[in-house]
Amino acid sequence: MAGDRLSRAFAALADPTRRDLVGRLAVADATVNELAAPYDISVQAVSKHLKVLEDAGLVTRSRDAQRRPCHLQADVLDLMTAWIERYRRETEERYQRLDAVLASLDSDSDPAATEAAHEDGAAS
Amino acid sequence: MTSATRHETRIEAVPDQPVVRITRDFDAPVERVFQAHVDPDLLTRWLGPRNLVMRVDRFEPVTGGAYRYTHTGPDGQEHAFFGSFHEVRAPGRIVQTFTYEGFPDGVSLDLLELEDLGDGRTRLHATSVVDSVEVRDMIIASGMESGVVQGYEKLDELLSA
């Protein structure tokens, strides 16, 4: 369930307008009209974006208040922790590949030969 | 795997600054780690995610040079990245810009510093600076490479549902 939630959050935040909306809601709650004001797109289009954010659990809208302001869910911060961990794992995987490349340089060739190979590669 | 478990990647995302800092140790001398960053044949062996094929379109790792590379996914979709080498100073410093062409307004300034720990070991410091905390969070949330690709695929699924 947590993974599915995360997937929907990633998908929702793949759009730059929705990332901008989340960024602004992180500062303060706002109504759809207030959120739509700075954009060249319609209030309806902003509403659609908000619906995607709502479905992803990133934003809630109070049902009773007349203004129905949009509110960024506090546990988005927990998502951020999860994102940093995922980003860290991806970076770690990349550097494990670099470990393997560096190990192959050590075993396959002495520094002079590696340098020559590098120059060949740069020249071609 | 043994060296990888010993050398953990550390990520620091300062809450109010549009910065990501990465630190990682390597059992190789500074010159070798530097070489793995400026030799395109070596770079393609580790930089891109495993499930994507990396093609180097342009690569001039010198001060004032430029680069562009493309990741192709299993579905054939291409994702290109480009930037300039602001400074390439052997053996321990590379400063470059980085833009994902799918998000052309975004650019990060990436500083790579290689610290000689002695005994043939190196500590890599990578700092990425962007123009807002929101963009920084997006980079972390999306991974900028595999994450962006998967993110857009999932967005497509979501929108077609």
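**Exercise 1.** What percentage of the 161 residues of chain B count as buried?

*Solution.* Begin with the ground rules: this is a predicted model, in which local features need pLDDT of at least 70 and side-chain atom pairs count only at pLDDT 80 or more, while totals for chains, interfaces and linings use all residues. Residues are numbered from 1 along each chain as its sequence is written, and chains are lettered from A and ligands numbered from 1 in the order in which they are written. A residue is buried if 20 or more other C-beta atoms lie within 10 Å of its own, exposed if 12 or fewer, and partly exposed in between, with C-beta atoms placed from the backbone. By this count, 30% of the 161 residues of chain B are buried.

**Exercise 2.** Find which residues of α4(A) are buried, and decide where on the helix they lie.

*Solution.* Helices (H or I, at least four residues) and strands (E, at least two) are DSSP runs, numbered from the N terminus. The expected span of a helix is 1.5 Å times one less than its number of residues, so the 13 residues of α4(A) should span 18 Å, which agrees with the 18 Å between its end C-alpha atoms. Next, the buried residues in α4(A) are V46(A), H49(A), L50(A), V52(A) and L53(A). Seen down the helix axis, these buried residues fall within an arc of 155° (taken from the directions from the axis to the C-beta atoms), and therefore they line one face of α4(A). After the helix comes G57(A), with a positive phi near 80°.

**Exercise 3.** Describe the largest nonpolar core and say which elements supply it.

*Solution.* A nonpolar core is a set of buried Ala, Val, Leu, Ile, Met, Phe, Trp, Tyr and Cys residues joined through C-beta atoms within 7 Å. The largest one has 29 residues, and L53(A) is among those with the most contacts inside it. At least two residues of this core come from each of α1 (2-12), α2 (16-25), α3 (32-36), α4 (43-55) and β2 (70-72) of chain A, and likewise from each of β2 (19-26) and α4 (133-142) of chain B. A second, separate core of 16 residues includes Y95(A), A28(B), V30(B) and L42(B).

**Exercise 4.** Locate P91(B) and D119(B), and describe the backbone at each.

*Solution.* D119(B) lies in the loop between β7 (108-118) and β8 (121-129) of chain B, and has a positive phi near 55° although D119(B) is not glycine. D119(B) counts as exposed because 7 C-beta neighbours lie inside 10 Å.
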